[in-house]
Amino acid sequence: MENRKIIQVDEKVPFSLLAPLSLQHMFAMFGATVLVPFLFGINSAVVLFMNGLGTLLFILITKGKAPAYLGSSFAFLAPGLLIIEQFGYSYALGGFVAVGFCGCIVAAIISKFGSDWINIILPPAAMGPVVALIGLELAGTAANTAGLLAEGGPASADVIVFLVTLGVAVFGSVLFRKFFAVIPILIAVICGYVAAYFVGLVDFGVVAKAGWFALPNFSSPKFSAQAIVIMLPALLVIISEHIGHQIVTSKIIGHDLLKDPGLHRSLFADNFSTMLSGFIGSVPTTTYGENIGVMAITKVYSVRVIAGAAVLSIVCSFIGKLTALIGTIPGPVIGGISFLLYGMIGTSGLRILVDSKVDFDKSRNIALTSVIFVVGLSGISINLGSIALTGMSLAALVGMGLSLLFYIFDKMGAMNDR
């Protein structure tokens with residue numbers, strides 16, 4: 001592995017290698033990227049289409065200097081599910097458009113003024129718990145999807161499939177090696193699906209009826225101020241996630257992507273793709289850690305390979321039987337995966353606190369983190385006209401307010417933990 005030739009970002013790849021290497025990238029993102037539309041209750045075809053298109057746009061906007069695959073973002077799950085329940089999916093699409101647009105504005109601000117101001121509005125002691133709340137708010141949803149909260153107790157078949165899926169995902173993430181270590185989620189979905197078939201939870205009728213060719217299920221957004229406010233805190237998460245991924249990728253390929261092509265350019269590409277996703281009926285996109293892992297393992301960094309995976313994803317979006325097959329994945333399989341994934345989202349918030357070496361001996365840090373967690377999990381709601389703020393949305397707003405006040409007090413020399 002160590003002696004394998006490194007294929008750099010701008011290098012061409014022989015066609016005999018391009019197809020399998022691109023297919024490998026598509027498999028790496030596949031399990032997680034189709035999970036998001038399944039949870040939102042939509043067909044995955046438009047998502048596969050937009051992931052491919054978004055990735056090609058990302059490569060174009062970053063001048064082919066930043067190898068990254070854009071897959072479905074988990075940062076939008078909590079606010080998205082809340083909006084879908086209250087208003088419907090079309091209003092969630094409006095929220096995606098708004099967040100993507102605001103992200104493009106943030107990219108323009110970073111281009112002009114740099115990114116230091118982000119740590120003033122949301123320092124790590126505030127960003128960490130806000131990110132953690134995204135996963136923690138979804139804990140009940142995962143159990144419900146798995147059928148574990150069914151009235152009268154869960155069915156034995158549901159429990160079996162749930163445990164198989166979760167077990168493979170958990171133990172696979174710590175035991176699998178080499179390429180299999182990159183796709184434990186996909187393997188867990190396959191194992192859970194096989195178990196579901198044997199206990200009678202899978203119906204192939206819809207696959208048999210589906211045609212081989214089908215257009216992706218495009219749809220248009222609707223806009224509501226309340227839905228947009230619920231969705232906006234996700235922007236904080238994707239900015240943090242994007243910067244982290246660019247730093248990791250920079251270390252892998254040996255080139256500082258924050259400087260060239262620049263954070264402003266890659267962040268704009270990421271959010272422009274999310275905005276476009278909302279306009280055509282897809283889910284928000286983000287750079288994918290799974291594909292960063294593939295690059296680290298294979299030492300193949302060529303954007304041509306990433307582009308090949310994007311083209312394959314677009315092709316798959318037009319295969320009707322494939323998207324119909326994805327739609328047959330039963331709830332206990334998704335619930336089993338969600339148990340781990342939602343927990344990982346919560347843990348990623350805690351990781352921000354650890355990686356940033358947040359000093360909890362300082363009063364400001366422990367106050368920020370404590371208040372944000374309690375506000376987000378307490379269930380309290382504040383109405384601003386027709387807009388209701390609760391959960392992560394309210395916690396993020398409180399966190400930003402406190403952070404700004406602490407910054408002002410610090411500049412005045414009034415803080416007791418200087």
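How many helices and strands does the protein have? The protein has 19 helices and four strands; both are DSSP runs numbered from the N terminus, with helices (H or I) of at least four residues and strands (E) of at least two. The model is predicted, so local features need pLDDT of at least 70 and side-chain atom pairs pLDDT 80 or more, while totals for chains, interfaces and linings use all residues. Residues are numbered from 1 along each chain as its sequence is written, and side-chain values use heavy atoms, without hydrogens or water.

**Figure 1. Overall fold of the protein.** The C-alpha trace spans about 70 × 60 × 40 Å along its principal axes. Residues 24 or more positions apart supply 82% of the contacts with a separation of 6 or more (contact: heavy atoms within 4.5 Å).

**Figure 2. Surface and burial.** Of the 418 residues, 54% count as buried (buried: under 20% relative accessible area; exposed: over 50%; partly exposed: in between; 1.4 Å probe, protein chains only). The accessible surface comes to about 18,300 Å², by the Shrake-Rupley method with a 1.4 Å probe; for residues, only the protein chains shown count as cover. Carbon and sulfur atoms hold 67% of this surface.

**Figure 3. The Phe40–Phe96 ring pair.** The structure holds 13 aromatic pairs (Phe, Tyr and six-membered Trp rings with centres within 6.5 Å; planes under 30 degrees apart are stacked, over 60 edge-to-face, the rest tilted). Phe40 and Phe96 have ring centres 6.1 Å apart and planes at 35 degrees, so the pair is tilted. Phe40 lies in helix α1 (residues 15–40) and Phe96 in helix α4 (residues 89–113), so the pair ties together parts 56 residues apart in sequence. Phe40 is buried at 6% relative accessibility. Phe96 is buried at 0%.

**Figure 4. The Phe87–Tyr91 ring pair.** Phe87 and Tyr91 form a tilted pair, 6.1 Å centre to centre with 50 degrees between the planes. Phe87 is partly exposed at 29% relative accessibility. Tyr91 is partly exposed at 24%.

**Figure 5. A ring cluster.** Ring pairs link Phe40, Phe76, Tyr89 and Phe96 into a cluster.

**Figure 6. A charge over a ring.** Lys321 lies over the face of Trp212, 5.5 Å from the ring centre. The criterion is NZ of Lys or CZ of Arg within 6 Å of the ring centre and within 35 degrees of the ring normal.
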